[in-house]
Amino acid sequence: MIEFLSSWTKGLGVTIVVVSILEMLLPNNKTKKYIRMVLGVFVIFNIISPLIQNKDKLDLSNLDIEDYTTVQTTSTVTQTSMDERINKLYEEELEKDIIKKVQERGYDVKSAKINTTRNDEQEWEINQIQLSIEKGKESVKETETVENKIVTEIQKVKKVDTKISKEEKTSNQDKKVTNTDIQNVKKFLIEEYGVNEKCLKIN
């Protein structure tokens, strides 16, 4: 029966395409409406004729649907797994946003970890933000330029043999964040994301 229906639909499709092409080729005159009527009867004939001629093939009592359908149960997606995926995606996007905004404030983020949950009203809540930060390149460059000026002035009076090592040491020290820096970042996160200070762990 499925084979018959397949061939019937293919034949019907061909008929409709041919009739459509013929209609486009018809000239615009008085006979056009009569020709269209004949073409319509031809389409109806092609729809009904195969069904009448093959009544025995349309017996649905012997049709076994299981032969034509296959049920594949490779993975069942539960509501819990969907919630977990959405939660993970939200945390990843929030992490990117926090890193970007903290970097805009002149700090480099070495590592970041965000933990969120959904409350009973299906609203997102931030449980914890863990950040490891250091001063950004811009602030280091500023201190380096000041240091270079000082070194230049000192060299006028006295030669400094350990200039390079001192510069490197000062550069590393300049990257370290102070308690003031940490408090500034915490204040920014509280204002920007409405979190409690207890949720924040920085450095």
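**Surface patches and a helix residue**

Reader: Which residues form a nonpolar patch on the surface, and what is their accessible area together?

Author: Happy to start there, keeping in mind that this is a predicted model. The patch brings together V14, V17, V18, I21, L22, M24 and L25. Together, these nonpolar residues have an accessible area of about 680 Å².

Reader: Where is V18, and is V18 buried, partly exposed or exposed?

Author: V18 is one of the patch residues, and its place is in helix α1, which covers residues 2–25.

Reader: Thanks! Which residues form the negative surface patch, and where is D120 found?

Author: The negative patch is made by D120, E121, E123 and E125. As for D120, look between strands β1 (107–118) and β2 (124–135): D120 is found in the loop.

Reader: Is D120 buried or exposed?

Author: The relative accessible area of D120 is 79%. Exposed means over 50%, so D120 is exposed.

Reader: What about R36: which helix holds R36, and which residues is R36 in contact with, leaving aside neighbours within four places in sequence?

Author: R36 is found in helix α2, residues 32–53. With a relative accessible area of 46%, R36 is partly exposed. Once neighbours within four places in sequence are left aside, R36 is in contact with E23 and L26.

Reader: How many Å apart are R36 and L26 in space, C-alpha to C-alpha?

Author: In sequence, R36 and L26 are 10 residues apart. In space, their C-alpha to C-alpha separation is 9.0 Å.

Note on methods:
Residues numbered from 1 in each chain as written. Predicted model: local features only at pLDDT ≥ 70, side-chain atom pairs only at ≥ 80, totals over all residues. Heavy atoms only, no water. Patch = residues over 30% accessible without salt bridge, like charges linked within 9 Å, V, L, I, M, F, W, Y side chains within 5 Å. Areas by Shrake-Rupley, 256 points an atom, 1.4 Å probe, with all protein chains shown as cover. Salt bridge = Lys/Arg side-chain N within 4 Å of Asp/Glu carboxyl O. Helix = DSSP H or I, 4+ residues; strand = E, 2+ residues; numbered from the N terminus. Lys, Arg positive; Asp, Glu negative; His and termini not counted. Charge placed at Lys NZ, Arg CZ, Asp CG, Glu CD. Buried < 20%, exposed > 50% of the residue type's maximum accessible area, 1.4 Å probe, protein only. Contact = heavy atoms within 4.5 Å.
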